[in-house]
Amino acid sequence: MERVAVIGVGQTKYSAGMRETFHELVFDVATKALKDAGITIKDIDNVVSVSSDFWDGRTISSMAISDASGAFGKDISTVEGDGTFGVLYGMMRILSGSFGTTMVVAHHKGTESNMNGITNTSFDPLVERKLGLDAVSSAALQARRYMTTSGGSEEQFAMVSVKNHGNAMNNPFAMLPMEITVEDVMASRMLATPIKKLDCSPVTDGAAAVVLAAERNAKKFTTNKKRVWLNGVGHCSDAYRLGDRDLADTRALKQAAKMAYDMAGVTLDDIDVAEVYDAFSYMEPMWLEGLGFCEDGMGPEMTERGTFNMDGALPVNPSGGRLSANPVQVAGLAALIECVLQIRGEAGKRQVKKAEKALAHGINGMCGQSHCVWILGK
Amino acid sequence: MAGWKDEVEEIIFPGKICVPYSWTVGSTLSKWYVQLRDDGEIWANRCPSCGKVYVPPKIKCIDCYKDMNDWIKLPGTGTVETYTVVHYSEPGLHPKKPPFVYGVIKMDGADTGLVHLIDGVDPDKVKVGMRVQAVMAKERDGHITDIKHFKPIA
């Protein structure tokens, strides 16, 4: 099978209340990604956009940003989900043989709408929606379930927030670099037990883009140092209804991770750095179990031991993670871009030494209904 | 070069999208809601292949992908598998003022959980493993809120 590489990346600084329109953000990051790859828009033969009609407040939201993404006169198609799935679609389009270079671009302006109202509409209007559930209250149900099965504590979850906001101090793209303590997290406003404000990712604006290229194009356009290979990918989804799942059972992620490791031909020991979905603090240890880095139930304890700190056995979320900037849809693309920067050795003060293989993880759906896992390498 | 951008007065358009829908509930859930509305009973359906019992009922078993034609009446009792006490206010969405409690109730006689409200108890006293029973609304119109909430079994 032909290989596919990431040959260019671009992202905005993530923040709240950005005055740029969706179009301006997309134009900005698409331009940056092209410049990073050292190519022009003429070298791109198709675009995959990642956006949500509800969040944008317009249907067929990809059409609105097609000009800005450089899709004029080309093909553009959309993934309504996380950016990691946008890259999956982009790679598949290349592997189909139909395209040689794909621009994958994601945008999100959380501050222009109402997060609780929008996430409530992801629930079945025939059953749960009327109960008023949203991303925060459903995550809280999952957090409590995970505490029950793992024995993890709120303090251990708070350590994830402390670690990731601390990591963000070294990431100029992050929205919330903060030196905080477990006590600060525990004293922050209770939203839905056991989740407090500092256990949650912030409402964020921003955009990101990557240029994918078939091996033949990647070698033509870029130097060895610049290109990072998509070595493996895995994806799997669980049941839609919360009650049809055990919310602390990571079976879908386990399957996605195995698929990605098998395709890349790697074992856990080969992975030097990971960007793991952490929209809420408890998710990081739980998904680390699903990814296989901890035995089931050991995530909180290994977090406490510092295994996933920058100086630990496996640095997790050196970017600061979603806890430090969570432009929904863009989030997984930002995670993948962080992996690219780490592998290139361009991650500045947050650079993980000898980062040769990196893992990027994104989710779609409430409480991580579906997962996409990427292995990237030199 | 782009200095004019720092000077420009930024304009924001407030907006709202209001689009009516009429969602077909389908025969499986319609049957469930009619039983809930008319008889105040919670029913479930069972996979003919693996025997898994779903509440609310499913059109097909998610494991076996088989049609679900066996219906069973549940006693309306269950165990709290997980819960959260909600402290933030979202007046347009929330059915109650905070603090109030959501739970996933593992229903007796079923293999799945039912997401609903837990009430009739001090929110701080709700625990995982607590035994609860459904309280039916007096006025029922064929919605999930025909179950008013779950309350602890005394």
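Biologist: How many bridges join strand β8 to strand β11 in chain A?

Modeller: Bear in mind that this is a predicted model, where local features need pLDDT of at least 70, side-chain atom pairs count only at pLDDT 80 or more, and totals for chains, interfaces and linings use all residues. Residues are numbered from 1 along each chain, chains are lettered from A and ligands numbered from 1, each as written. Strands are DSSP runs of E with at least two residues (helices: H or I, at least four), numbered from the N terminus. β8 (residues 228–237) and β11 (residues 370–377) of chain A run antiparallel, and the bridges joining them number eight.

Biologist: Which residue in β11(A) is the bridge partner of A:Ser237?

Modeller: A:Ser237 lies in β8, whose residues are 228–237. Its bridge partner in β11(A) is A:Ser370.

Biologist: Which strands of chain A stand at the edges of the sheet?

Modeller: The sheet is open, with nine strands in the order β3-β2-β4-β7-β1-β8-β11-β10-β9 and mixed pairing. Two strands pair if DSSP finds at least two bridges between them. Each edge strand has a single partner, so one of its sides lacks a neighbour in the sheet; these strands are β3 (75–79) and β9 (273–275).

Biologist: Happy to move to chain B! Which element gives the most residues to its side touching chain A?

Modeller: Here, 33 residues of chain B are in contact with 29 of chain A, meaning that C-beta atoms, placed from the backbone, lie within 7 Å. The elements giving two or more residues are β4 (77–86), β5 (100–107) and β6 (113–118) of chain B. With six residues, the top contributor is β4(B).

How values were computed: Two residues are in contact if their C-beta atoms, placed from the backbone, lie within 7 Å.
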